[in-house]
Amino acid sequence: MAPTAVTDAEDPVSVAGGVSLSGVGKSFGDMVAVRDLDLEVRQGEFLSMLGPSGSGKTTVLRMIAGFEDVTHGTIRIGETDVTRIPPHRRPVNTVFQDYALFPHLTIAENVAYGLRVRGGSKAEREDAVSAALAQVRLTHVASRLPHQLSGGQRQRIALARALILRPRVLLLDEPLGALDKQLREEMQIELKAIQREVGITFIFVTHDQEEALTLSDRVAVFNEGRIEQIGSAREVYEFPETEFVARFLGMSNIIPAEVANRLTGLDRIISIRPERVRLLAPDAAVHDQGVVLDGTIAARVYTGPTTRTLVDTVDGVRLIAETQNSHHPSAELGFEPGERVRVAWTADHAAALP
């Protein structure tokens, strides 16, 4: 029997799952945390809000949830203005980094807690809990207590507890932040699969660039209370629109405008990703290599899957080239520090920045 504890008729706000912020600002006294923000989150998409600490992303999430008042502007979910609606009446739910499971309740009781508050029959709750636990593949832990679960399992239980209430929008505030790297990467795959299965809007806050790129349909890059750029993972990585985005989202080589002007005729800063930079012998032919600079190897760093080579060019710019290591580590000798080298990239791999 399908879970029926929450229906559209019972929802205090029954709307589609898109989220719209128009001119939203938030101030704490004299400090402006969010500045006149406009943002459209499409129904059913996975949007990540990415940025450093203090960039405003968590404040935006809390305003959507209703945990923070809006200083000015409007927040809509579907066609409904929820700006002044209290949190418990908004069709959203939130998963935090601290999963906040009740230690004295079993896993099944933790997952059912929200349904108990809302009401409904015991049979309906049991059906809904069974379906939610099956969704996160943890049916076998229903009778355990939270301390008997791993960190990844507790994270999935927190997700099940949020999804069982059938929110139109699920807000996730760095929910994977407490996990180790391997488990975090595994949970990213799980989370994306669950979002695709349930089909609701996910808004995810993170400061981890790789996590945002892995999970998201679109990424909104925040800086000082504003969105610097929003687009698909490929768009914001391959085609950064500002120097901040180029530097924050992965590594990037920034070519000053005066050097770029000499090389390409563009009187603008240029950003080029390290994996797009090729290393050539100092006497290599350059007619088909695009943009070329001469320099000297400053250092080489072995990272496991790749090797990063730092090159000091004759123009006084330090560049990073990143190459994949082969299946035979003994073959990865390459250039050594102090050797002359040429670095090259094709013009269409570079992004011109303001």
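Contact here means heavy atoms within 4.5 Å. The structure is a predicted model, in which local features need pLDDT of at least 70 and side-chain atom pairs count only at pLDDT 80 or more, while totals for chains, interfaces and linings use all residues. Residues are numbered from 1 along each chain as its sequence is written, and side-chain values use heavy atoms, with hydrogens and water left out.

The chain has nine helices and 18 strands. Helices (H or I, at least four residues) and strands (E, at least two) are DSSP runs, numbered from the N terminus. Taken along the principal axes, the box filled by the C-alpha atoms is roughly 80 × 50 × 35 Å. Of the 354 residues, 47% count as buried; buried means under 20% relative accessible area, exposed over 50%, and partly exposed in between, with a 1.4 Å probe and protein chains only. Of the contacts between residues at least 6 apart in sequence, 66% join residues at least 24 apart. The accessible surface of the chain is about 16,800 Å², and carbon and sulfur atoms hold 50% of that surface. These areas come from the Shrake-Rupley method with a 1.4 Å probe, and for residues only the protein chains shown count as cover.

Just after α2, G119 takes a positive phi of about 100°.

Helix α4 covers residues 151-163 and has 13 residues. From first C-alpha to last, α4 reaches 19 Å, close to the 18 Å expected at 1.5 Å a residue; the expected span is 1.5 Å times one less than the number of residues. Eleven of the 13 residues of α4 are buried, among them G152, Q153, R156 and L163. The cover over the buried residues of α4 includes the helices α2 (107-118), α3 (122-135) and α5 (181-198). It also includes the strands β6 (92-96), β7 (169-173) and β8 (201-206).

Aromatic rings come next. Rings of Phe, Tyr and Trp (its six-membered ring) pair if their centres lie within 6.5 Å; planes under 30 degrees apart count as stacked, over 60 as edge-to-face and the rest as tilted. The whole structure holds five aromatic pairs. The ring centres of F46 and F204 are 5.8 Å apart and the planes stand at 45°, so this pair is tilted. F46 is in strand β3 (residues 46-50) and F204 in strand β8, and the pair links distant parts of the chain, 158 residues apart. Both F46 and F204 are buried. F46, F202 and F204 form one aromatic cluster.

F102 and Y113 form another tilted pair, at 4.8 Å centre to centre and 55° between the planes. Because F102 lies in the loop between β6 and α2 and Y113 in helix α2, the pair ties together parts eleven residues apart in sequence. F102 counts as partly exposed at 27% relative accessibility, and Y113 is partly exposed with a relative accessible area of 36%.

The last stop is L310, in strand β15 (residues 306-313). L310 has 18% relative accessibility and so counts as buried. Not counting residues up to four places away in sequence, L310 touches T296, I297, A298, A299, R318, L319 and I320. L310 and P146 are 164 residues apart in sequence and 48 Å apart in space, C-alpha to C-alpha.
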